[in-house]
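Here is a friendly note on the charged pairs in this model. Have the structure open as you read, and follow the points in order.

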Amino acid sequence: GYKRYKFYSIQMILDSYFPTAKDQAILLIFIMLQTGWNKEIALALDKETFENSLSKSIDSNTTLIESSKNRGQIDSNVPYNDEKVIFAASDKSDRYSAVNLIKLAIRLSSPLFTHLLDHKNEMKDDINNIFLLLNPANRWAANGRKNSLLSNKAQQRGIKEFLADQNIFSH
C-alpha cells in the first residue's frame with residue numbers, strides 16, 4: 001500500500017523559522033504582566049538599552065529593565081517630547097522572567113533585523129526591533145514581508161491567534 005505523508009504548507013514552514021504575530025504577542029503580554037507596564041511602555045523597549053547600565057555592573061541575579069513613556073506637553077510650543085524613564089526589576093536566573101523574555105524576543109527577531117527590508121513604509125521609527133515578525137505570505141504584496149507589534153493589526157492578529165489556540169474561559 002501507499003504511505004500517507006504529512007505535507008506542510010509554505011506558511012507552516014516559514015512560521016517554524018521566523019516569529020509570527022502570535023509568538024511576539026505572547027512574549028509582549030507576559031513581559032507586560034511581569035513588569036506591570038502597559039503596552040506603550042513595553043513596546044518602547046530599545047534592544048540596545050533595555051537593561052540598565054548600573055545593574056550590569058552589580059554581580060546579582062536581579063537586573064533593572066528600563067523603557068520610556070512619552071508624556072504630552074501642556075505648552076504646545078515646546079519642540080520636544082518629554083520622556084519619562086520607567087524601570088522594572090527582573091530576575092536573570094528565572095528563564096521566564098521579563099529580562100529573559102525580552103532577550104528571547106530579540107533572538108527571535110534577529111534574522112529580520114537586516115533582511116526583508118522591502119516595504120515602502122518601512123522606516124526606522126516604524127519598526128520596533130524587539131518585536132519583529134514575519135507577515136503571513138498572503139499579505140506580502142500589500143504589507144511587505146516584515147512587520148512589528150507597533151502595528152495594531154499585527155497585535156490584534158497575534159492575540160486573536162493565541163486565544164483561538166487556548167481554552168480560556170471566564171468565570
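1. Lys-69 has a relative accessible area of 26%, so this residue is partly exposed (buried means under 20% relative accessible area, exposed over 50%, and partly exposed in between, with a 1.4 Å probe and protein chains only). Please keep in mind that this is a predicted model, where local features need pLDDT of at least 70, side-chain atom pairs count only at pLDDT 80 or more, and totals for chains, interfaces and linings use all residues. Residues are numbered from 1 along each chain as its sequence is written, and side-chain values use heavy atoms, with hydrogens and water left out.

2. The side chain of Lys-69 meets that of Glu-40 in a salt bridge, at 3.8 Å from N to O (a side-chain nitrogen of Lys or Arg within 4 Å of a carboxyl oxygen of Asp or Glu). Glu-40 sits in helix α3 (residues 39-43) and Lys-69 in strand β1 (residues 62-71), so the pair ties together parts 29 residues apart in sequence. Helices (H or I, at least four residues) and strands (E, at least two) are DSSP runs, numbered from the N terminus. Glu-40 is partly exposed, at 38%.

3. How many salt bridges does the structure hold? There are four salt bridges, among them one between Lys-47 and Glu-48, at 3.3 Å from N to O. Lys-47 is partly exposed at 25% relative accessibility, and Glu-48 is exposed at 56%.

4. Do look at Glu-51 too: this residue counts as buried, with 13% relative accessibility. Glu-51 forms a salt bridge with Lys-103, the closest N and O atoms being 3.9 Å apart.
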